[in-house]
Amino acid sequence: MKKKIDELIKNNKVSIINNVVAMNVTDYNLFNILDCNRDINKNHVDRIKRLIERNGFLISSFVLVDEFFNILDGQHRFEAQKKLGLPIRTLMVEGLTSKHMKLLNTASKNWSYADAVKYYASLGDENYIALKKILEDYKQLGLSVVLNLMFDSRQSVYQDMGDGLITVDDAIIERFNN
């Protein structure tokens with residue numbers, strides 16, 4: 001890998017950023033959660049915690065901090081990793097400010113349920129392929145109505161769908177075929 005990186009640098013296809021440091025930090029007390037950031041949502045922290053437990057580290061589990069360990073992005077990931085006793089995968093960028101934090105939060109787009117359906121269907125998951133077909137056939141109803149008809153308004157259905165845990169059995173398919 002180092003040889004490939006050296007080649008990319010030599011050919012001016014990538015450059016080293018001198019004010020960025022990637023590290024695993026085990027001293028949670030170094031980190032500061034800024035008062036101006038969003039409030040911590042316990043349910044979101046618990047969901048991230050479950051995803052990490054199920055899948056290991058999330059690729060995006062880096063916490064973005066300034067040179068003073070003020071968390072500018074990833075405070076929910078920080079809390080989840082802390083609860084699990086894991087080192088905090090950290091990117092420290094010198095010169096970041098709360099203005100950057102606001103821009104990151106404003107520019108981010110959350111993964112939608114439609115994105116989850118597309119993702120799992122593209123991986124060949126038969127349940128999501130069936131769900132995608134039902135959604136295409138009944139697009140006038142919309143995702144929420146279809147899910148309520150399929151799963152009798154189970155509250156966890158949205159979380160299950162986002163986590164790849166939906167099961168579309170023959171009875172559900174038959175309900176839409178009639």
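## The second largest pocket

The second largest pocket holds about 160 Å³ of space. A pocket here is an open set of points on a 1 Å grid over the protein atoms alone, where a 1.4 Å probe fits, with protein on both sides within 12 Å along at least five of seven lines. Lining residues have an atom within 4 Å of a point. The volume is the space filled by probe spheres set on the points.

This is a predicted model: local features need pLDDT of at least 70, side-chain atom pairs count only at pLDDT 80 or more, and totals for chains, interfaces and linings use all residues. Residues are numbered from 1 along each chain as its sequence is written, and side-chain values use heavy atoms, without hydrogens or water.

## Lining

Helices H5 (113–122), H6 (126–137) and H7 (142–151) each supply at least two lining residues. Helices are DSSP runs (H or I, at least four residues), numbered from the N terminus. Among the lining residues are Val117, Lys132, Tyr138 and Leu143. The lining divides into five nonpolar, one polar and four charged residues.

## The buried side of H7

Val146, Leu147, Met150 and Phe151 of H7 are buried (under 20% relative accessible area, 1.4 Å probe, protein chains only). They lie on the same side of H7 because they cover an arc of only 105° around the axis, taken from the directions from the helix axis to the C-beta atoms. The buried residues of H7 pack against H6, H8 (157–162) and H9 (170–177); contact means heavy atoms within 4.5 Å.

## Leucine 103

Leucine 103 lies in helix H4 (residues 98–107). Its relative accessibility is 47%, so leucine 103 counts as partly exposed (between 20% and 50%). Leucine 103 and glycine 142 are 39 residues apart in sequence and 31 Å apart in space, C-alpha to C-alpha.

Conventions
Ala, Val, Leu, Ile, Met, Phe, Trp, Tyr, Cys and Pro count as nonpolar, Asp, Glu, Lys and Arg as charged, and the others, Gly among them, as polar.
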